[in-house]
Amino acid sequence: MVDQTAKFSAFIGLDWANQKHDVCVQVGANGKRRFEVIKNTPEFLECWLNELHSEVGGSIAVAVELTRGPIVYLLQKYPFITVFPIHALSLARYRQAFAPSGAKDDPTDAEIALDLMLKYPSKVKPLKPSSNEVRVLSHLVEQRRLLVEDKRRFVNRLINALKQYYSQPLEWFSHRDSDLFCDFLLRWPSLQELKRSRENTIREFFKSRGGNAVSLTEKRLEAIAAAVPLTHDEAVIQAHKRFVQSVIKQLKVTIDNIRTYDSEIRTLFEQMPDAAIFSSLPGTGPCLAPRLLAAIGDDRER
């Protein structure tokens, strides 16, 4: 078993929060422990860590219930600090063993994190960051997923709004997150406005889009001619038309941003040595393969 106490001059258990952090500090292998509450600002932490480093004169081990996030990124910039991530479930079970009520106490959690790091060196390993490329890819695929969720929410809002006054486009278009669907609704946000347009104008709109938009033009024109307004209530039409236009503008921006992410992720992924391995896995595609690589990383031992 590796004795981690021999490598460091001080040990910290840290329980993080948005406004402040509770810490348990032990100087030396058998030093007396002290508890502190420190502000969660880069400036305060910079000062506090440098003062502690000057006090102990050597490397510092920090146990924290995270593998990533602002506090981890901050700690990693100091060459004299090594981060030891503590699994949340391990900390919770250790807490329960000594506090059967399950009550959470921040100073106690900080000391528990410190105990786990010192007592179980074979289980609690120092954080080994992946390469810069893998970490960039990890952030990009995670952010892309958030944008996809935003897109889904916008589409659902759009569908619900259209059902209130103008449900026909939902039958005419199968892809509600397509440029064609968005542009059509921006051009004709109500059936009344669509009915006032000349047939050739609508035909030219679909012709300019090409592809399936052209092949389905006549079918759509017939459906438009036969369409009957769901309501004549101007209060309903006016309000929901404005909302539809607002949502579509947000949806189009989100779709464009997803495309930008796709391009950047694809470029970065294709440059990575393990890209061919993940691309060859059954069922993977341009979205899943980069996500798998980001999740597993470039450490072959994993």
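Tutor: A residue is called buried when its relative accessible area is under 20%, exposed when that area is over 50%, and partly exposed in between, with a 1.4 Å probe and protein chains only. The structure is a predicted model, in which local features need pLDDT of at least 70, side-chain atom pairs count only at pLDDT 80 or more, and totals for chains, interfaces and linings use all residues. Residues are numbered from 1 along each chain as its sequence is written, and side-chain values use heavy atoms, with hydrogens and water left out.

Student: Does Phe 206 count as buried or exposed?

Tutor: The class follows from the relative accessibility, which is 1% for Phe 206. Because this value is under 20%, Phe 206 counts as buried.

Student: How many residues of strand 1 are buried?

Tutor: Strands (E, at least two residues) and helices (H or I, at least four) are DSSP runs, numbered from the N terminus. In strand 1, residues 10–15, Ala 10, Ile 12 and Leu 14 point one way, while Phe 11, Gly 13 and Asp 15 point the other way. Both sets are buried, and the count for strand 1 is 6 of its 6 residues.

Student: With which strand does strand 1 pair in the parallel sense?

Tutor: Two strands pair if DSSP finds at least two bridges between them. With strand 2 (residues 20–27), strand 1 pairs in the antiparallel sense over 6 bridges, and the two form a hairpin with 4 residues between them; here Ala 10 stands opposite Val 27. On strand 4, Ile 12 has Val 62 as its bridge partner. The parallel pairing, over 5 bridges, joins strand 1 to strand 4.

Student: Which element gives the most residues to the lining of the largest cavity?

Tutor: On a 1 Å grid over the protein atoms alone, a cavity is a set of points where a 1.4 Å probe fits but cannot get out, and lining residues have an atom within 4 Å of a point. The lining consists of Ile 12, Leu 14, Ile 38, Leu 45, Trp 48, Leu 49, Val 62 and Leu 75. Strand 1 and helix 1 are the elements that give two or more residues to it. With 3 residues, the element that gives the most is helix 1.

Student: What is the volume of the largest cavity?

Tutor: A volume is the space filled by probe spheres set on the grid points, which are joined across faces, edges and corners. The count comes to 1 cavity of 30 Å³ or more. The largest cavity has a volume of about 30 Å³.

Student: How many charged residues are in the lining of the second largest pocket?

Tutor: Ala, Val, Leu, Ile, Met, Phe, Trp, Tyr, Cys and Pro count as nonpolar, Asp, Glu, Lys and Arg as charged, and the others, Gly among them, as polar. The lining includes Phe 173, His 175, Arg 209 and Arg 220. Its classes are 4 nonpolar, 6 polar and, for the charged residues, 2.

Student: How many residues apart in sequence are the parts that Asp 115 and Arg 33 tie together?

Tutor: A salt bridge is a side-chain nitrogen of Lys or Arg within 4 Å of a carboxyl oxygen of Asp or Glu. Asp 115 forms one with Arg 33, the closest N and O atoms being 2.8 Å apart. Asp 115 lies in helix 4 (residues 106–119) and Arg 33 in strand 3, so the separation of the parts tied together is 82 residues.

Student: Why is the pair of Trp 172 and Phe 184 edge-to-face?

Tutor: Rings of Phe, Tyr and Trp (its six-membered ring) pair if their centres lie within 6.5 Å; planes under 30 degrees apart count as stacked, over 60 as edge-to-face and the rest as tilted. The structure holds 13 aromatic pairs. The centres of Trp 172 and Phe 184 are 6.2 Å apart, and the pair is edge-to-face because its planes stand at 85 degrees.

How values were computed
1 Å grid on protein atoms, 1.4 Å probe; cavity = no way out; pocket = protein on both sides within 12 Å on 5 of 7 lines; lining within 4 Å.
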